[in-house]
Amino acid sequence: MDSVSDDESSEVIEESSTVEPTPTSTDSNLRPTSPRHRLLDPEPPRSSQEDEDGFFRVPDDDVVPSSYVEKNKVVAIEKALASDPVDIMALKNLAISRGGLVNKSLRQRVWPLLICANTNNVTPKPSQEEMEACSKTYNQVVMDVNRSSSRFPPGIDDTVRMAVKDKLVDLIMRVMLKNKQLKYYQGFHDVCITFLLCMDEDLAFAMVEKLAMSYMREYLDDTMERTSLLLNTIYPLVNKCNPELCEHMQRNDLGTIFALSWVITWFSHVLGDIKRIMRVFDFFLASHRMMPVYLSAAFVLYREQDIFDAGDEMGYIHKCLSTMPSDLPIEYLLERAGDLYLQYPPTEISRDPMLIRLNREVFEHFNRIDSQNARRLARANSDARGRLFVRMTMWTVTAVIGVAIAVLYHAYSENDWHHLGALSPFSS
Amino acid sequence: MDSELREIEHRDNQLKSPQTRAVSTDGNTDPAGLQNVRVIEKQAQKRIFKIIVIGDSNVGKTCLTYRFCSGKFPDKTEATIGVDFREKQLEVDGENLKLQLWDTAGQERFRKSMVQHYYRNVHAVIFVYDITKMSSFENMSQWIEECDRHNLNKNIPRILVGNKCDEVDKVAVNTNMAQKFADAHGMPLFETSAKDDDKANHVDAIFMTVSHKLKNAKPMMPVHMSSLSPHDSVNLRGSPQHRGLQSAVGVGAGDKSSDCSC
Ligand SMILES: Nc1nc2c(ncn2[C@@H]2O[C@H](COP(=O)(O)OP(=O)(O)OP(=O)(O)O)[C@@H](O)[C@H]2O)c(=O)[nH]1
Ligand SMILES: [Mg+2]
């Protein structure tokens with residue numbers, strides 16, 4: 001907690017080719033600022049327990065590595081970072097192996113390298129008006145950010161939390177406005193908070209944007225079709241390791257929704273403790289994009305006994321899986337996920353007959369929705385056409401009557417009222 | 001009729017002040033106002049009724065179901081991602097029942113892809129809108145249409161709930177309009193608040209009304225009997241170390257960032 005700089009300029013990433021944000025820029029997010037998004041609910045006033053200078057720091061980080069293993073790890077990470085060119089493979093291995101990237105300042109330096117995030121020329125924030133103009137997304141984002149308090153470490157000062165929430169809205173909108181093809185989903189804000197709690201806004205933007213365009217691209221589609229296909233993969237994986245368990249889940253029609261928040265938030269919605277979340281992010285950022293699915297399968301397999309104990313009741317199984325035990329052996333589960341990945345790599349599992357069958361159901365479902373939409377659109381169009389037809393009929397009738405009256409009038413006026421003949425449309 | 005609850009219409013007499021008693025499952029204290037609380041033995045065979053709670057994001061579905069099942073307004077809510085499951089045991093006219101609530105996510109993308117999974121085998125549907133937000137009320141017809149499409153049986157009980165009526169100076173959906181809508185769809189309407197502690201009884205009464213209706217209706221859906229309750233035990237196995245987990249393909253695999261410019 002010692003090396004915190006107040007230097008405002010460190011928040012902006014310098015235009016340099018080497019990606020080395022100053023570790024001191026970390027906590028610029030965690031400083032109270034006056035909020036701009038007025039729809040954000042004010043934090044309730046509370047007796048403040050500020051740090052000396054109104055700062056808040058995420059517990060854990062930037063502390064001196066405690067164990068011998070951690071010390072060794074820090075040395076190894078520094079070495080990989082110092083080598084020329086930077087030893088990415090070594091960094092990936094270090095991120096995956098036990099303990100991950102150890103602390104926040106190392107994560108700030110290593111995470112962007114793991115996914116080749118573009119930390120140069122970071123797009124500036126859009127204006128407040130631009131954000132609000134994108135009203136549907138903006139409103140949803142604000143509603144979700146308003147309800148994100150439990151994602152902040154306990155003890156955080158209210159004004160600081162408010163400031164981070166404000167930056168969170170900015171961050172999400174910055175990604176969405178720059179890439180209009182992306183569709184915000186509830187849970188994306190959980191991913192974004194994780195980065196904001198670890199690094200400054202611009203670096204967080206570089207990370208989140210890169211993820212949105214790569215690892216998380218499917219989740220940000222218009223529909224959940226591709227996400228549903230991804231989630232289906234959990235079943236053949238469970239089936240390979242524990243066919244009985246898979247049968248039990250399928251017999252009870254469990255579906256895949258229990259794992260939705262796991263996958264699309266990279267477990268950040270459910271793990272609670274920010275340290276655990278960051279550890280899991282180390283692992284995912286260094287792994288294949290399907291890894292969240294492998295970890296989900298590992299979670300399910302780990303809960304085998306509880307799932308059986310829940311009996312033949314979909315609700316209890318769902319409840320059991322959506323409640324995270326506080327003593328989860330994260331490292332073990334990451335290892336298990338890694339083993340599953342090596343044993344049943346994506347190319348192999350994608351050919352699994354069970355997966356093909358499950359995926360067919362998803363395709364059918366979304367085709368049905370498509371055709372329903374098409375029908376509704378056609379109906380709306382034909383309604384519109386129908387109205388147009390009625391209107392045209394009305395015009396025709398009016399015109400015919402008009403002409404008839406005019407003709408009669410003409411005939412009449414021709415006989416007697418020559419001086420009014422100019423009024424007749426047929427007068428020459 | 002209770003003026004605060006403003007339960008506006010009783011379509012049938014069954015709905016009126018059901019003689020009900022509540023027992024919470026997780027040892028939470030019961031909301032005030034419901035007397036004769038007594039513990040129901042877990043072993044007893046109970047009828048289980050499944051209820052799905054739907055409506056736009058942020059209308060308060062999670063808060064309402066939490067209020068009912070845990071007896072209080074949650075300190076910190078979170079956006080629901082997917083579906084949450086809650087359960088409460090009740091005694092209605094001397095019969096022990098279990099009410100299982102599926103609290104669904106409001107965002108459109110979620111409902112389009114998954115909510116239908118939970119429409120299957122439900123015994124009742126609760127539609128929720130936010131009385132301070134017109135759009136959440138206007139979207140009700142879409143929710144109803146969708147429900148019609150997914151529910152094979154259109155005779156299952158449905159109720160309409162306008163939430164957040166503690167926000168008296170922000171009312172955007174007036175009662176008359178909501179009542180007309182409810183009438184047109186043959187549903188009873190309730191206006192209530194998950195937040196206001198004084199209205200805790202009313203939230204309970206809404207669910208009681210549904211239970212009462214379900215209990216007395218001829219079962220249209222197969223009614224389940226309760227099964228074992230879960231207990232904790234875990235299964236740990238050793239596993240080998242990691243090798244070669246890194247994404248072999250460069251990170252940008254499948255990345256379309258380069259060709260997108262907005
Ligand atoms: N004033 C007031 N606020 C409420 C009430 N019920 C819920 N809220 C607030 O409304 C917001 C949304 O509540 P939720 O229960 O999370 O909404 P939801 O319908 O579950 O939303 P999704 O999960 O996104 O679909 C929260 O900030 C609650 O604090 C109420 O009765 N009165
Ligand atoms: Mg909810």
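Helices (H or I, at least four residues) and strands (E, at least two) are taken as DSSP runs and numbered from the N terminus. The model is predicted, and local features are reported only at pLDDT of at least 70, side-chain atom pairs only at pLDDT 80 or more, while totals for chains, interfaces and linings use all residues. Residues are numbered from 1 along each chain as its sequence is written, chains are lettered from A and ligands numbered from 1 in the order in which they are written, and side-chain values use heavy atoms, with hydrogens and water left out.

Chain A contains 19 helices and 0 strands. Of its 428 residues, 57% are buried, where buried means under 20% relative accessible area, exposed over 50%, and partly exposed in between (1.4 Å probe, protein chains only). Contacts are defined by heavy atoms within 4.5 Å. Among those in chain A that connect residues at least 6 apart in sequence, 78% join residues at least 24 apart.

In chain A, A:D253 occupies the loop between α11 (243–251) and α12 (260–264). The phi angle of A:D253 is near 60°, a positive value in a residue other than glycine. With 31% relative accessibility, A:D253 counts as partly exposed. A cis peptide bond, with omega about -5°, joins A:D84 and A:P85; A:P85 is placed in the loop between α1 (68–82) and α2 (88–96) of chain A.

Packing of two helices of chain A was examined next. The axes of α7 (residues 188–196) and α13 (residues 274–285) of chain A come within 11 Å and cross at roughly 100°. Axes here are lines fitted to C-alpha atoms, for helices over the stretch in contact, with angles running from 0 to 180 degrees between N-to-C directions. The two helices are therefore roughly perpendicular (65 to 115 degrees; under 35 is roughly parallel, over 145 roughly antiparallel, and the rest oblique). A:V191, A:T194 and A:F195 of α7(A) meet A:I274, A:I277, A:M278 and A:F281 of α13(A). These residues comprise 6 nonpolar, 1 polar and no charged.

Over all chains, the structure holds 23 aromatic pairs. Rings of Phe, Tyr and Trp (its six-membered ring) pair if their centres lie within 6.5 Å; planes under 30 degrees apart count as stacked, over 60 as edge-to-face and the rest as tilted. The rings of B:F68 and B:F207 are stacked, since their centres are 4.2 Å apart and their planes at 20°. B:F68 belongs to helix α1 (residues 61–70) and B:F207 to helix α6 (residues 200–216) of chain B, so the pair ties together parts 139 residues apart in sequence. Both B:F68 and B:F207 are buried. A second pair, B:W102 and B:Y118, is tilted because the ring centres lie 4.8 Å apart with planes at 45°. B:W102 is in strand β4 (residues 95–104) and B:Y118 in helix α2 (residues 108–119) of chain B, 16 residues apart. B:W102 is buried at 3% relative accessibility, as is B:Y118 at 2%. In chain A, ring pairs link a cluster that includes A:W111, A:F195 and A:F281.

The charged end of B:K88 is 4.8 Å from the ring centre of B:F68, and B:R111 lies over the face of B:W143 at 4.1 Å from the ring centre.

Terms used. Nonpolar A, V, L, I, M, F, W, Y, C, P; charged D, E, K, R; others polar. Lys NZ or Arg CZ within 6 Å of the ring centre and 35° of its normal.
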